[in-house]
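Please keep the sequence and the model in view while going through the points.

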Amino acid sequence: MAEVAVSLVLERLIPLLNQEVKLLRGVHREVEDIKVELEFISSFLRDADAKAAKEDDNNGLRTWVKHTREAAFRIEDAIDEYILHVGKRHHQHRFKAFLRKIDCRVKSMRKRHEIASEIQDIKTSVREIRERSERYSFNTFASGGAAENKTWHDPRMGLHFVENDALVGIDSLKTELVSKLMHGESHRTVISLVGMGGVGKTTLAKKVLDEQIDTGHFDCHAWITVSQSYKVEELLKTMIRRFYESRKESYPSEVNAMDGNELISKSREYLRDKRYFVVFDDIWKEDFWGDVEYALFGNDRSSRIMLTTRSRNAADFCKRSSLVDVLELRPLPLELAQELLCRIAFQFDEDKQCPLELKELSLDIAKRCEGLPLAIVAIGGLLSSKGRDVGEWQGLHDSLQSQLESNIHLTRIKKILSFSYHDLPYHLKSCFLYLGMFPEDYVVNCARLVRLWIAEGFVKQRDGATLEDAAREYLTELIRRNLVQAEWVDFDGVVRDCRVHDLMHEVILSKSDELSLIQTSAKNLQCPNQTARHLSIRDESNNLSRSSGCSKTHSIIFFEVNEFPKSLLSSLFANFILLKELDFEGVPLNYLPEELGNLLHLKYLSVRDTKVKMLPKSLAKLRNLGTLDLKRSLVRELPVEINKLSNLQHLIAYSEDYDTRQGVKIRGTLRSLNSLEKLYYVDMNAQNNFGFIRELGSLKHLRKLGITNLKSEAGNALCNAIEHMSYLESLHVISVKENELLQLQSMSSPPLLLNCLRLQGRLEKLPDWISELKCLVRIRLFWSQLSDIPLKMLGGLPKLLELALYKGYNGEQLHFEDGYFPVLKELTLEGMDRFNRLIIDEKALCLVEMLWIESCPRLEELPSGICHMKCLKYLEISDMSKEFARRMLPDVGQDHWKVQHIPNVYFYFMNTQQQYSTYKLGDSSLLDYLR
C-alpha cells in the first residue's frame with residue numbers, strides 16, 4: 001500500500017526540480033535520479049498494492065511494498081528539512097546574520113552535507129528496491145495493470161444526496177415499524193432493530209425518524225449515536241439538548257454542569273407530559289438500557305424509544321422494565337439485492353435500468369455481496385463509474401470472488417469495502433484515508449475537511465477551478481461511491497457536513513500505515529524515532545497503542561482535549577518542525593508562542609473556538625500558510641505581519657452576536673495578499689482612509705467577502721472595489737450602526753457569480769444591480785427599513801431559494817403575486833413595525849417549505865393564501881400577540897383552516913425570565929398559555 005505515498009512524493013518532486021534548482025544546489029541530480037526510479041516503481045505499484053492486500057501469505061511482496069512506502073516518506077522528509085534549513089537562514093536579521101556569518105556558513109555547509117548524504121542514501125535504497133522487484137519478478141504486474149481511472153463529472157452535483165435510493169426490500173418492515181410508532185400501546189415502548197453490521201438498521205431508523213418529524217406526531221424527538229464507547233452523562237446531556245432543539249427551544253446552559261442524577265431528573269421533568277421519540281443508534285453494550293431507562297419518563301402518551309444494535313442480548317435486556325418489540329433485519333433476498341445493486345450502479349443513467357448484457361454479471365455480484373445493503377451500495381457506487389462496459393464489470397466480478405471466499409461474515413464485508421477503496425485513484429485514496437484523523441461517528445464539517453486536504457497537498461490544481469472547487473469534487477465523488485455519507489445537505493443541495501460509517505472507519509484505520517496515521521492521547525504525545533506523519537490526538541483515545549509523535553509529523557488535529565499543558569505546546573513547536581497542518585479547534589488554548597514562526601512549512605492553522613487573543617509577530621515567517629482560521633477565538637486585531645503571507649487563501653476571523661458579526665482589524669496594506677479567496681470578516685472602522693478599501697479591489701481571486709463597521713461615506717469606494725472581484729460568490733456588508741446608510745447604488749458591473757448576498761444597514765432603495773444577479777440563491781436584508789420592496793424584481797431571480805427581511809421593510813403591505821419566486825424555499829419576515837397585511841396569491845410561493853414571522857405587531861392575521869402553500873413544512877411565529885396565535889387554535893380558531901395542512905407550527909413567546917418559551921400548535925401547554 002505504497003501507491004499513495006509514492007504518487008504524492010512524485011507530485012512534489014516534479015515542480016521542485018523545475019523551480020528550485022538553486023535551492024537544491026548540489027543534490028539536484030540525486031533528487032532527479034530518485035524521481036526516475038520512483039516513476040519506474042509506480043508504474044506497477046498499484047497492482048502490487050492490491051495483490052499485497054489480498055494475499056495475506058505473500059510476506060515478500062508486502063515487505064517490498066512497505067519498504068517502498070518508507071523510502072517515499074524519507075525523500076519527502078529530506079527535501080522538507082533542506083528547504084526548512086534554507087528558509088531559516090533567509091529569515092535571520094541582517095545585523096545578527098552579519099555577526100554570525102562565519103559560524104552560520106560552517107553550520108550551513110555541515111547541514112547541507114548531512115542532507116546530501118541522506119539523499120544519496122535514499123537514492124541507493126530506492127535503486128535497491130527497484131532491483132529487488134526485478135529479482136523477485138514483482139514488476140510482472142506492470143503488463144496487466146489496472147484499468148485507467150475515469151474521472152466522472154455529474155452536472156447535478158449535490159442534488160442526488162437529497163434522496164436516498166438505498167431503501168429496497170424493506171417496505172413491509174418499514175410499514176410495520178411505522179405502525180408500532182403511531183399505534184400500539186399507550187405505554188412507553190422500546191422498539192429494537194437487530195441485525196448484523198451493514199444490514200441497514202441505521203438507514204431504516206433514520207428514514208422513519210425523518211418522516212415522523214415531518215408528520216409532527218411526536219412532541220419532541222432525538223437521535224443519539226452511541227457506538228462502543230460513551231460517557232453516560234455526556235450521552236444524557238446530548239439527549240436533552242436534542243429534545244430542546246427539536247422544539248426550537250433554547251438549551252438551558254445549567255444542564256452542562258449537572259451530574260448524573262440531576263440529568264435524569266431534568267430529563268424526566270422535561271418529558272413528563274410529552275409524547276417523545278428517541279433513537280439510540282449503534283448499541284454495543286448489553287446493559288446499555290440500564291444507563292438511560294430512568295431518564296426516559298414512562299408516561300402513557302405513546303412515547304417510543306428505538307434502538308439499533310448488532311446484539312440480540314442488548315435488545316432483550318430492555319424487557320426487564322419496558323414493553324419491547326424486536327424487529328430483526330436480515331440480508332436481502334437475491335432478487336432484491338440485484339435490484340438495489342442496479343439502482344445504485346445506474347442511478348445517473350436516464351432509464352436507470354440494467355442492460356441485458358449485464359444482467360447475469362449483476363446477479364453474480366449481488367450473490368457475492370450476500371444481501372448486505374452496505375456492501376451492495378458500496379460496490380454499486382463503484383460500478384456507477386464504470387458505465388456499461390462488460391469488461392470492467394467482469395474484472396470487478398473476478399476480483400470480488402477472491403475477496404469473498406473463505407472469510408467470516410464481518411471480515412467479508414470489510415474486504416468488499418476495502419476493494420472499493422483499492423479502486424479509487426490515488427488522490428481520492430489519500431483523501432479517504434485522511435478521514436481516519438476524525439474519531440468514529442464524528443460529524444465532519446466539509447469546509448474544514450477540504451481545506452485540510454488542500455494543505456496536505458492531496459488536491460490537484462485544475463484549469464478554471466480553485467483548489468477548493470476541486471476538493472469539493474473529490475468529496476462528491478467519495479459520497480457518490482458511498483464511501484462517505486452526506487450528514488447534512490442544505491436546501492440548495494450543498495453538502496455541509498459528512499461522516500464515515502463505522503465499518504468504513506474500521507477499514508480506514510486498518511490501512512492507517514499508508515498515510516502513517518496514528519490516533520493517540522495528548523498525554524502520550526512523545527517524540528520517538530518512528531515516523532508518525534499524521535496525528536489525531538484525543539485525551540481518551542486508545543485506538544492505537546503505538547508511540548506517536550515525531551519530528552517528521554505533517555499534521556496534528558486535536559479532539560476533546562480537556563487540558564493543554566504548556567509542556568505540550570513547547571513540545572509541538574520544538575519537535576514538530578515539518579508540520580503543515582495544526583488544528584487547535586475547541587482546545588483550551590489561550591496563546592500561541594513566538595516559536596510558531598519555526599513552522600515554515602505550515603499551510604493550515606486553526607485556533608477556532610479557543611481563547612487565543614493575539615497572534616505572534618513571527619507569523620510573518622509562515623510564507624506557505626494557506627488557511628488561517630480565527631473564528632470565535634478572542635483575536636480582534638491582526639499584526640501588521642499578516643501582510644507578508646502572500647500565499648494566504650482563506651482568512652476566517654470573526655465573532656458572533658445575536659444579529660450581527662464583528663470582524664478583525666487589519667493594519668497596513670492588503671496589496672501582498674493577492675491569493676486570498678475568502679476574507680471574512682474585516683473591520684472597516686479601523687481604517688482611516690479609502691486606500692485600504694481600494695486595495696480590496698486588487699484581491700481579484702476573492703470568492704467570499706465579509707465587511708463590518710462600514711461607514712456611509714465609504715460605500716462608493718467599496719462598490720468600486722467589488723466591481724473588480726469577478727469571481728465573488730458571497731458578499732456580506734454590515735454598517736457601523738443600525739441606522740447608518742449603506743451607499744451601494746453606484747455599482748454598475750456587479751459580480752455576476754454572486755449567489756449569497758447579505759446587506760446589513762439602512763438602504764434608501766434596493767440597489768438596482770441586484771436584478772442582474774441571476775445566480776443569486778440567498779438574499780438577506782437586515783436593518784434596511786425600505787419603504788418599498790421590489791418583490792417583482794426579487795421574484796424574477798430564477799435561482800432564489802431564500803429571502804429574509806429583518807427590519808428590512810417599513811411599509812404596510814407585502815403582496816406575493818402568482819408567477820414570482822418560482823423556486824423559493826425559505827421566507828423570513830421579521831421586525832417590521834408598520835407591516836399589517838400579507839397577501840399570498842393562490843399560485844405564489846408554491847415551493848416554500850419554511851415561513852418565519854416575528855415581531856410584526858400590526859399583522860393581525862395570516863393570509864388565506866397560506867392554505868395553498870402545500871409544500872410548507874414549518875410555520876414559526878415569534879413575538880406576536882396572543883390573539884394572533886389564538887386564531888390558529890384547533891376547533892376554536894377562525895384561522896385554523898389556513899394552517900391545518902402544516903405539520904409543524906411553532907410559537908415563541910418571551911417568558912418572565914426574559915427567555916423564549918416554545919409551544920407547538922396542538923400542545924395543551926399552548927392552550928394554557930393563551931388562556
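Which residue in β4 is the bridge partner of V279? The points below begin with that pairing.

1. The model discussed here is a predicted one. In it, V279 has M306 of β4 as its bridge partner. The pairing belongs to two strands, β3 (residues 276-283) and β4 (residues 304-309), which are joined in the parallel sense over five bridges.

2. These strands are part of an open sheet of five strands with parallel pairing, in the order β2-β3-β4-β1-β5. At its edges are β2 (220-227) and β5 (323-328), each of which pairs on one side only. From one strand to the next, the twist averages 15°.

3. Two helices that lie across strands of this sheet deserve attention. Helix α6 (residues 171-182) lies across β1 (189-194), β3, β4 and β5, and runs at about 170° to β5. Helix α8 (residues 232-246) lies across β2 and β3, and its direction is at about 150° to β2.

4. Helix α23 (residues 715-722) is largely enclosed by the rest of the structure, because six of its eight residues are buried. The buried residues are G715, A717, L718, C719, A721 and I722. Their cover includes α22 (691-696), β21 (704-710) and β22 (730-735).

5. Strand β22 also contains H732. Is this residue buried or exposed? With a relative accessibility of 5%, H732 counts as buried, since the cut-off for that class is under 20%. Its side chain makes a polar contact with the side chain of Y681, at 2.6 Å. Leaving out residues up to four places away in sequence, H732 touches Y681, L705, G706, I707, R758 and Q760.

6. The largest nonpolar core has 124 residues, of which F558, L582, F584 and L814 touch the most other members. Helix α23 gives the most to this core, with five residues. Apart from it lies another core, of 43 residues, including L204, L209, W223 and L361.

7. L582 may be examined individually. Neighbours within four places in sequence being set aside, the contacts of L582 are I556, F558, L572, F573, L599, L602, Y604, L605 and S606.

8. Side chains of opposite charge can pair when their charged atoms come close. The structure holds 48 salt bridges. One of them joins R343 to E339, at 3.4 Å from N to O. Why are these two residues separated by about one helical turn? The reason is that R343 and E339 are four residues apart in helix α12 (residues 334-345). An α-helix has 3.6 residues a turn, so residues three or four places apart point the same way. Both partners are partly exposed, R343 with a relative accessible area of 31% and E339 at 37% relative accessibility.

9. Two further salt bridges may be inspected. K285 and D291 form one, with the closest N and O atoms 3.1 Å apart. K285 is partly exposed at 35% relative accessibility, and D291 is partly exposed with a relative accessible area of 22%. D768 and K765 form another, the closest N and O atoms being 3.1 Å apart. Here D768 is partly exposed, with a relative accessible area of 46%, and K765 counts as partly exposed at 41% relative accessibility.

10. Finally, salt bridges can be followed as a group. D490, D492, R496, R778, R780 and E802 are linked in a network of such bridges.

How values were computed:
Residues numbered from 1 in each chain as written. Predicted model: local features only at pLDDT ≥ 70, side-chain atom pairs only at ≥ 80, totals over all residues. Heavy atoms only, no water. Buried < 20%, exposed > 50% of the residue type's maximum accessible area, 1.4 Å probe, protein only. Contact = heavy atoms within 4.5 Å. Pairing = 2+ DSSP bridges. Axes fitted to C-alpha atoms, helices over the stretch in contact; angles between N-to-C directions. Polar contact = N/O pair within 3.5 Å; in protein donor to acceptor, adjacent residues only side chain to side chain. Core = buried A, V, L, I, M, F, W, Y, C linked by side-chain atoms within 4.5 Å. Salt bridge = Lys/Arg side-chain N within 4 Å of Asp/Glu carboxyl O.
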